[in-house]
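Open the structure in your viewer and keep the selection tool ready. Each stop below tells you what to pick and what to look for.

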Amino acid sequence: MMDIVVCVSGGGTNLQAIIDAIADGSISDTRIVCVLSNNKDAYALERAHKAGLESVCVSPKDYDDRESFNDAMLKEIDKYNPDLIVLAGFLVNIPQKMVEKYRNRIINIHPSLIPAFCGKGYYGLKVHEKALERGVKVTGATVHYVDEGTDTGPIILQEPVRVLEGDTPEILQRRVMEQAEWVILPQAIDMIAKGMRQ
């Protein structure tokens, strides 16, 4: 059984996709041991509660400096000794010591086809705004391992999504979630779970 900690900051739609995929067997031999948020108002925590999952909030607002927050977050994750940490819309820079400790055991979902529209400042709706500004015809999502850079780790899966006439950032964001993010994040977790079992 692969134990995962899912880290979230907002609505938790990717968390829900993981919960549903575990429930229907699309993700095999995996359980969520904790949902961690940096935002106590994240709806993702409500989703965790409804699913009967353990959840915790470690907010930077409760700490004097970034280092104290990073230490507290790492200490909380360490309690669960996870096989995999899944960043599912987690708007926190992962500290270097966490990357080092969990090397090749942290994955992230990003709402573009990396290397396009990624890196510092590219998150949430901003990614889709930039894609529409640039006039791309295809966008998508990427699941990748987390390393010391921002969106620079090895790519696991990508899924393209067509950009349509009349798309707004919000409409495009929804289509990328439905057609790409909610599909490939569970797939990537299942691939890693199967790889661990072999």
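This tour of a predicted model visits a helix, a loop residue and some aromatic rings.

**Stop 1: helix α2**

Select residues 43-50, which make up helix α2. Which of its residues are buried? They are Ala44, Leu45, Arg47 and Ala48. Colour these four, then look along the helix axis. Why do they sit on the same side of α2? They span an arc of only 155 degrees around the axis, so they share one side of the helix.

Now turn to the face that points away from the buried side. There you find the exposed residues His49 and Lys50.

The buried residues of α2 pack against two elements listed here as strands β1 (2-8) and β2 (30-37), among others. Helix α1 (13-23) and strand β3 (55-57) are also packing partners of these buried residues.

**Stop 2: Asn38**

Select Asn38 next. Where does it lie? Asn38 is in the loop between β2 and α2. Is Asn38 buried or exposed? Its relative accessibility is 13%, so Asn38 counts as buried; the cut-off for buried is under 20%.

Show the side chain of Ser9 as well. The side chains of Asn38 and Ser9 are joined by a polar contact of 2.6 Å.

Then display the other neighbours. Leaving out residues up to four places away in sequence, Asn38 touches Val8, Ser9, Cys57, Val58, Ser59 and Pro60, among others. Its contacts also include Phe69, Phe90, Leu91 and Val92. Keep Phe69 on screen for the next stop.

**Stop 3: the aromatic pairs**

How many aromatic pairs are there? The count is 2. Two values describe such a pair: the distance of the ring centres and the angle of the planes.

Select Tyr63 and Phe69. Their rings form a tilted pair, 6.3 Å centre to centre, with 55 degrees between the planes. Phe69 is buried, at 0% relative accessibility. Tyr63 is partly exposed, with a relative accessible area of 32%.

Move on to Phe117 and Tyr122. This aromatic pair is tilted too: the centres are 6.4 Å apart and the planes make 55 degrees. Phe117 has a relative accessibility of 16% and counts as buried. Tyr122, at 27%, counts as partly exposed.

Notes. Residues are numbered from 1 along each chain as its sequence is written. This is a predicted model: local features need pLDDT of at least 70, side-chain atom pairs count only at pLDDT 80 or more; totals for chains, interfaces and linings use all residues. Side-chain values use heavy atoms; hydrogens and water are left out. Buried means under 20% relative accessible area, exposed over 50%, partly exposed in between (1.4 Å probe, protein chains only). The arc is that of the directions from the helix axis to the C-beta atoms. Contact means heavy atoms within 4.5 Å. Rings of Phe, Tyr and Trp (its six-membered ring) pair if their centres lie within 6.5 Å; planes under 30 degrees apart count as stacked, over 60 as edge-to-face and the rest as tilted. A polar contact is a pair of N or O atoms within 3.5 Å; within protein, one must be able to donate a hydrogen and the other to accept it, and residues adjacent in sequence count only if both atoms are side-chain atoms.
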